[in-house]
Amino acid sequence: MTATTRAASARAGARRARDEFDPTPWPAALVCGIAGGGAALLAFPPYGMWMLLPVSLTLLGAGLLVRSVWVALLVSLAWGAAFFIPLTAWANTYAGTAPWVALGVFEALYIVLFALLARTVVLRRGLCLSSAVVVSALWVGVETLRSHVPWGGLPWGASAFALADSPLLNLGPWIGVAGLAFVVALLGQLLLHGALSLLGRRHRGLVGFAGVWPLALAVGAILATMVVPHPPNPAPQDRGTMTVAGIQGSMEKIDPATMTMPDDVFENHLAVTRETIEQTRAEGRQLDLIVWPEDSTGYDPRQDPWMSDQIGSAAADAGAPVLIGTQTAVGETQRLNQSVLFAPDGSTPYVYSKRHPVPFGEYIPYRDVFRTLSDKVDLVPRDMIAGDEVGVMDLETRDQGRHGVGVLICFEIAYDNLVGDVVRDGAEVVVVQSNNALFGDSHEAIQQLAEAKVMAVVSGRSVVHVSTVGHSAIFTPTGRRLDFVDHWEQGAVLADVPLRTGITPAVTAGPWIAVGLSALGLLGFLAAVSGRRRALAPLPRRRERKRS
């Protein structure tokens with residue numbers, strides 16, 4: 001070995017000796033990636049093991065502590081695929097296996113982006129509090145990006161939606177969906193720092209048994225959230241509740257080959273409605289609103305005098321308007337997904353058109369391009385177009401009551417910006433109309449119901465979530481469930497639903513919590529890249545290794 005080679009080897013050894021932590025061997029890193037994605041899946045409904053979500057991010061962080069960027073990419077892709085592919089298995093019901101897997105892999109690419117950013121910060125700044133904060137903020141930034149880009153994004157699997165049964169949800173009305181994602185990621189970073197210290201893999205900062213402190217802090221923070229109060233949220237003066245019935249008429253299962261609504265959907269919802277009216281009359285209760293789900297009429301009842309008469313007659317018997325869900329053709333190639341209010345006199349004084357159609361489910365972007373990849377695009381023969389008005393029914397101005405009711409359709413409940421819009425525009429309660437029959441026996445329905453509960457707490461509004469086939473439920477602004485109908489059952493959710501007028505800090509802040517945290521993550525990343533410090537030295541050059 002020449003003097004030059006020996007000097008180069010000595011320099012490389014010195015760099016490695018200055019490493020603040022030991023890198024993760026690549027086989028262990030891959031196991032961390034796969035196990036982390038599986039743990040994240042178990043955190044969401046129907047499994048509900050929310051405490052595994054920070055653990056899953058701990059495993060992802062450990063898997064990224066490798067010297068090779070290519071291994072880190074593979075680890076993050078494995079984590080994302082192990083999480084998103086089974087999480088979105090409901091897409092296989094109507095789209096088929098190839099599009100479903102493609103969706104899961106596409107969502108996993110956002111985890112790869114996060115991995116590249118987070119790994120750079122940790123490898124340069126080390127395992128310190130500032131890096132933990134920056135990495136957690138980067139998690140928020142990437143999750144926000146995934147929830148809104150492209151084509152409006154898909155927030156399915158957002159961190160907050162694993163917390164429906166967690167004490168962490170008490171933070172929701174204060175810090176919103178983005179803030180909850182930050183807290184979960186920060187807990188994951190604390191667990192990572194503590195575990196590496198206890199395993200003897202850290203050489204600076206908290207080492208050895210001192211790793212107990214980050215673990216204790218994480219556990220203590222979770223326990224502390226159990227006593228976090230909700231913000232002040234008064235009811236409207238002189239009317240604290242509204243009696244609402246959500247009708248789950250159920251139906252025969254949809255044929256996935258044709259995706260045609262069964263003929264019994266209208267009759268079933270009409271029958272359950274009449275049973276509910278009789279029940280409330282026997283109990284001496286006066287209904288204020290009856291809600292049918294999305295697609296609960298088969299086709300637009302405004303085009304069928306008999307159907308209109310039946311709905312109007314039910315509204316007249318109840319002495320309350322009926323909000324139905326239907327599809328309306330627009331021209332030859334487009335349609336609207338609408339909520340239509342039928343008054344007891346048979347008129348339709350309010351119509352809401354869905355503002356956020358789902359790409360590939362309700363419309364096909366670049367249809368000609370994607371048709372070359374799959375003929376499944378033709379299962380959506382008409383592209384749904386977006387409405388342009390926020391869905392808030394002021395029933396008083398329409399002589400149908402005294403309440404302000406926010407209206408969202410199906411997946412719209414997963415978008416915090418849409419929920420915030422209806423609250424800021426005067427909704428005292430929020431109703432969600434959904435048609436989960438499209439997803440068969442998958443876990444989509446129970447996952448969406450968890451989203452409704454989380455958004456009820458974040459928004460400070462009761463949420464009446466009504467599905468054609470379930471799950472249907474009513475949640476109070478504090479997340480308490482008032483009534484429930486299970487999957488594929490006939491019945492109604494019926495309750496005196498609390499009304500609220502207060503605006504939570506999360507709704508007041510709107511997008512700025514997510515924007516602020518994302519900006520913090522980006523600035524922290526840029527600072528790490530621009531600095532010369534390294535907590536983990538890179539591998540020696542291949543030529544130097546061969547010579548040595």
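Me: Why is D295 called buried?

Reply: This is a predicted model. D295 has a relative accessible area of 11%. Buried means under 20%. The value falls under that cut-off, so D295 is buried.

Me: What makes the phi of D295 worth a remark?

Reply: Phi of D295 is near 60 degrees. That is a positive value, in a residue other than glycine.

Me: Where does D295 lie?

Reply: D295 sits in the loop between β2 (289-291) and α11 (305-318).

Me: Why is W151 called partly exposed?

Reply: The relative accessibility of W151 is 34%. Buried needs under 20%, and exposed needs over 50%. The value lies in between, so W151 counts as partly exposed.

Me: How do you know whether the peptide bond from V149 to P150 is cis or trans?

Reply: Omega is near -5 degrees, and the bond from V149 to P150 is cis. P150 belongs to the loop between α7 (129-148) and α8 (172-198).

Me: What is omega for the peptide bond from G470 to H471?

Reply: Omega is near 0 degrees there. The bond from G470 to H471 is cis.

Key. Residues are numbered from 1 along each chain as its sequence is written. This is a predicted model: local features need pLDDT of at least 70, side-chain atom pairs count only at pLDDT 80 or more; totals for chains, interfaces and linings use all residues. Side-chain values use heavy atoms; hydrogens and water are left out. Helices (H or I, at least four residues) and strands (E, at least two) are DSSP runs, numbered from the N terminus. Buried means under 20% relative accessible area, exposed over 50%, partly exposed in between (1.4 Å probe, protein chains only).
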